[in-house]
Amino acid sequence: MGVPIQAKGLNAWFGKTQALYDIALDIPPNHATAIIGPSGCGKSTFVRCLNRMHETVPNARVAGSVNIGTVDVYGNGTPAVELRRRVGMVFQKPNPFPTMSIYDNVAAGLRLNGIRNRHKLDESVERSLRQAALWDEVKDSLNTKSGASLSGGQQQRLCIARALAVEPEVMLMDEPASALDPISTSKVEDLIYQLKEHYTIVIVTHNMQQAARVAEFTGFFLMGRLVEFDKTEKIFTTPRDKRTEDYITGRFG
Amino acid sequence: MDNDKHSGHETHAWKVSFGRRVANSAATIGMACAAVLVVTPLVVIFSYLVYRGIGALNWSFLTQIPKPVGEAGGGMANAIVGSALILLIASAIGIPLGIGSGVFLAEYGRNRYGDVVRFTADVLNGVPSIVIGSTVWGLLVVTQKHFSLFSGAVALGIMMVPTVTRSTEEILLMVPQSVREAAIGLGISQWRVTVSVVLRTATAGILTGIMLAFARVAGETAPLMFTAFGNQFWSVSPNQPASALPLQIFYYATSAFEELNRQAWAGALVLIVLIVGTIGIVRLVASRGLMKGAV
């Protein structure tokens, strides 16, 4: 089941450049929440702070607090590795492990965390690939084809399956469809629609129609600040802030 | 080019200037020549080795040990096995050390300590092999008071380290950051990410580096003169002086007996075939199945 995400006073830096200023945001469980905003506004940085990927960049720094369910993400003694198992992530560019088979790609998260039981792995691989709507396309070449040999859209669904296999509670998606053609994009969107029954989904997107299609809630970021957060419908029809309105009507960005 | 005739006003878009066509042909021919020039020395060396060596190459050459000087026949079986053993032990020393330090440089070496290791590896790469041989002689042979197969393997193993280190580092840096991020994002520990994802992705490239190092030391003669020394008899003990193909080739090529000169050529042919064969087998194994997609 999905869990809520709470960010409070969240600040982030790359070296001396501040990328996020005092973000406070409550993301509800079992819904899809879209993060929109122009390039460089900090939307990717924000989701990368949620699973502590931000700190893997040299000289990057975070201050403030994030709670995911009952876990204090930046609390003392919360191991980042443990946390990332509960918070799955899908990246902008599909990034399957190029030399692993389809099966090994999906099983990687479990295997590298020490699960060896073949039956359990088989089960998890099939379930994840079915959830990612990829099973029918790859079931005959699980062990014979490499992840890199799939098409771009299939690779992205493979990456989603790989993230699902470790059974996270939250799914972060950083522009998951921006490198995909329209058909693959709609497949990924359908997927998000189904996944939110079981997961809390945060999706960064450049595409406002996409935000409107898949997300119940939308947050608008501008220059490292959260300008407005509300029901998606509200953001796109009657935004409170002038800057939100300017952005969604295409006056800038 | 049909467009030229039918749509007159677009014709100029299709025309390539004479100068460009000349430049294009010149560049193509130039690169073809360069490719041929690269292959030529290997073909010449190999053909000449076959021409000089094939006469002395027969079954007993591969299966017998040297006969006493003056007697006809005999072979290099002990040198072939000696070379194989020396290279096996040298690889066991040089490859893990090289990969380990290569991983360190690529994943944790963006700092002053990394620069020191990098510089050391480059200097070690430039140290003449005879110096490495005499150093191992001073440290191992003198203290143990005898030449040995093992000391030869140590000398060659040390020589493998810098090549493997630097090529491993280069290849690991070519593994896209996105692959590391994917693994970190799955909640895999740093150690596992490095070993099971990054190294695995780079396997084919690392193998190429290992093969380069292997081929380089397989033909080394100078460091073995101080260490493995050579042996006219059958010996597979790491503690005894051992024969090796380059040594045997050297001794026979400088001999006054024509029979032995001929055997030296045959030995050189066998050495080349064994090196090319080893590289071929490793490449074949590496290119099978999924590793094909590796960096």
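H13(B) itself spans residues 245–253. Its buried residues are B:Leu245, B:Pro246, B:Leu247, B:Gln248, B:Ile249 and B:Tyr252. The model is predicted.

**The nonpolar core**

The largest nonpolar core holds 150 residues. Which residues touch the most other members? They are A:Ile203 and B:Ile86. Helix H8 (residues 149–174) of chain B supplies the largest share of this core, 13 residues.

**Where the chains meet**

In the contact between the chains, 20 residues of chain B meet 25 residues of chain A. On the chain B side, H9 and H10 are the elements that give two or more residues. H9(B) gives the most, with six residues. The chain B side divides into nine nonpolar, eight polar and three charged residues.

H9(B) covers residues 177–185. Its buried residues are B:Val179, B:Arg180, B:Ala182, B:Ala183, B:Ile184 and B:Gly185. What covers them includes parts of both chains: helix H2 (80–86) and strand E6 (87–90) of chain A, and helix H10 (190–201) of chain B. After H9(B) comes B:Gly187, with a positive phi near 80°.

**A helix pair in chain A**

Helix H6 of chain A packs with helix H7 of chain A at an angle of about 20°. Their axes lie 9 Å apart. Angles under 35 degrees count as roughly parallel, so H6(A) is roughly parallel to H7(A). The crossing of H6(A) with H7(A) is right-handed. The table lists the residues that make the contact.

| Helix | Range | Contact residues |
|---|---|---|
| H6(A) | residues 152–165 | A:Gly152, A:Gly153, A:Gln156, A:Arg157, A:Ile160 |
| H7(A) | residues 182–195 | A:Ser184, A:Lys187, A:Val188, A:Leu191 |

How do the residues of this contact divide by type, and how many are charged? Three are nonpolar, four are polar and two are charged.

How values were computed. Residues numbered from 1 in each chain as written. Chains lettered and ligands numbered in written order. Predicted model: local features only at pLDDT ≥ 70, side-chain atom pairs only at ≥ 80, totals over all residues. Axes fitted to C-alpha atoms, helices over the stretch in contact; angles between N-to-C directions. Helix = DSSP H or I, 4+ residues; strand = E, 2+ residues; numbered from the N terminus. Parallel < 35°, antiparallel > 145°, perpendicular 65-115°, else oblique. Left-handed = near helix turned anticlockwise from the far one by under 90°. Contact = placed C-beta atoms within 7 Å. Nonpolar A, V, L, I, M, F, W, Y, C, P; charged D, E, K, R; others polar. Buried ≥ 20, exposed ≤ 12 C-beta atoms within 10 Å, placed from the backbone. Core = buried A, V, L, I, M, F, W, Y, C linked by C-beta atoms within 7 Å.
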